[in-house]
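My notes follow in the order in which I went through them.

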Amino acid sequence: MRVAFITTLFALLALAYVLPSANASSAVIAADTHIQLGPRPYALVDAMAPSALKDKLLACGDKEFKAHAFSIGHRGAPLQFPEHTRESYLAAARMGAGTLECDVTFTADKELVCRHSQCDLHTTTNILQTELAAKCSEPFTPASTLKPASARCCNSDITLAEFKTLKGKMDGANEHATNVEDYLRGTADWRTDLYAIQGTLMTHRESIALFKALGVQMTPELKAPKVKMPFKGMSQGDYAAKMIEEYRQAQVPPSLVWPQSFNRDDVIYWLNHHPDFASQAVYLDGRENGVHFDHRKPHSWSPNMKELANQNIEVLAPPIWMLLDLDKDNNIVPSAYAKAAKNAGLKIIAWSLERSGPLENGGGWYYQSVTEAVNNDGVLMQVLDVLAQEVGVSAVFSDWPATTTYYANCLLAADEN
């Protein structure tokens with residue numbers, strides 16, 4: 001009865017608190033604001049099979065929750081809000097994300113903005129419904145019997161001023177569409193367009209100002225350019241330096257910034273040229289794209305964990321599945337990859353929780369190494385526990401930070417940041 005009551009109570013509170021106000025400029029959350037999680041974490045715990053872990057998580061359901069750096073808002077809170085928008089960031093902060101992410105790319109006039117990819121405006125904004133569609137690298141092409149519908153609209157196709165006229169939408173596209181309106185209706189059925197009416201796009205500088213006001217840590221990811229570099233005289237090094245410089249200009253302490261990149265050369269550049277900000281630089285591991293990579297076989301990792309540490313890389317961030325494996329009884333356990341990273345002294349951050357939709361059919365890409373043990377949404381909490389307690393990750397990216405905030409407040413030490 002107590003859990004059911006609390007679930008109902010938080011559902012009501014979420015409507016009044018988690019959603020941004022109509023006047024977004026006044027919706028900044030004070031650092032000491034009481035965090036509201038809504039019903040989802042409780043539903044996930046309810047879905048768990050009986051266990052000691054479930055009992056522990058149930059026991060803390062009525063405590064006062066606080067923001068925690070273990071909980072990273074991946075693109076904000078894109079399970080329900082348009083990613084990398086002010087509304088998405090505010091929702092994530094209200095759910096206790098102690099760290100927020102701006103994926104950084106650039107416009108035609110070389111200004112930095114928050115977008116997951118340099119060329120995703122056609123799936124994450126309303127650009128195709130505006131006059132700016134004429135500037136897209138590839139115009140909208142309707143679906144035919146031979147090809148799916150397509151378009152390609154890049155941040156580098158338009159100026160910053162033009163970028164700011166766009167509205168964010170839930171990421172997705174309908175490849176069967178024969179017109180723009182239908183093409184933009186591509187939201188996954190386990191997400192929602194309910195809060196996608198107003199998606200305020202953010203520049204990188206604006207994200208810094210908002211995150212400072214929210215009192216959170218910041219993890220910008222330098223996205224791979226989709227145009228030839230140098231771009232209008234801006235080299236890759238210039239691009240990497242520009243991102244760091246915007247934190248200096250905003251007088252953000254380096255201790256609050258975790259710069260990330262899938263490009264190891266970017267991390268090395270920061271180490272060599274911006275050592276104050278590079279002590280927490282995160283190497284995002286995308287080596288699974290290699291032909292011979294196997295997270296169970298150390299000889300297939302190049303460079304190996306000790307070589308990464310010898311390059312002064314201190315933080316490694318792989319996808320969740322690389323860190324997990326199954327034992328002979330189908331229990332979820334740390335992988336050989338996770339053990340090697342820990343033995344090399346690397347800090348580990350995992351990505352991305354709450355990105356797979358319902359888990360009853362194995363969880364998809366993010367759970368590919370433990371598919372046989374993934375058969376309901378409650379397993380998500382079990383995975384989170386293995387990552388935290390056995391792998392020893394320092395933080396987890398999540399598309400719905402309430403889940404990681406709930407876990408961190410229940411079973412991890414109080415956040416000292």
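This is a predicted model: local features need pLDDT of at least 70, side-chain atom pairs count only at pLDDT 80 or more; totals for chains, interfaces and linings use all residues.

I then looked up which residues make the contact: Leu 53, Lys 56, Leu 57 and Leu 58 on the side of α3 meet Tyr 406, Tyr 407, Cys 410 and Leu 411 on the side of α15. Sorted by class, the contact of α3 with α15 has seven nonpolar residues, one charged residue and no polar ones.

Counting bonded cysteines along the chain, I noted the pattern 1-8, 2-3, 4-7, 5-6.

Cys 410 is joined to Cys 60, with an S to S distance of 1.7 Å, and the link is right-handed, with 60 degrees about the S-S bond. Cys 60 lies in the loop between α3 and β1, whereas Cys 410 is in helix α15, so this pair ties together parts that are 350 residues apart in sequence. Both ends came out as buried, Cys 60 at 10% relative accessibility and Cys 410 at 17%.

Next I went to Cys 119 and Cys 154, whose sulfur atoms are 2.0 Å apart in a disulfide; I recorded 100 degrees about the S-S bond and a right-handed link. Here the pair ties together parts that are 35 residues apart in sequence, because Cys 119 lies in the loop between β4 and α5 and Cys 154 in the loop between β6 and α6. Cys 119 is buried at 9%, and Cys 154 is buried at 2%.

For the disulfide of Cys 136 and Cys 153 I noted an S to S distance of 2.1 Å and a right-handed link with 100 degrees about the S-S bond. Cys 153 counts as buried at 0% relative accessibility, and Cys 136 at 10%.

Last I turned to His 122, which is placed in helix α5 and counts as buried at 9% relative accessibility. A polar atom of its side chain lies 3.2 Å from the backbone oxygen of Ala 151. Beyond its neighbours within four places in sequence, the contacts of His 122 include Cys 153, Arg 152 and Tyr 183.

Note on methods
Residues are numbered from 1 along each chain as its sequence is written. Side-chain values use heavy atoms; hydrogens and water are left out. Contact means heavy atoms within 4.5 Å. Helices (H or I, at least four residues) and strands (E, at least two) are DSSP runs, numbered from the N terminus. Ala, Val, Leu, Ile, Met, Phe, Trp, Tyr, Cys and Pro count as nonpolar, Asp, Glu, Lys and Arg as charged, and the others, Gly among them, as polar. Buried means under 20% relative accessible area, exposed over 50%, partly exposed in between (1.4 Å probe, protein chains only). A polar contact is a pair of N or O atoms within 3.5 Å; within protein, one must be able to donate a hydrogen and the other to accept it, and residues adjacent in sequence count only if both atoms are side-chain atoms. A disulfide is a pair of cysteine sulfur atoms within 2.5 Å.
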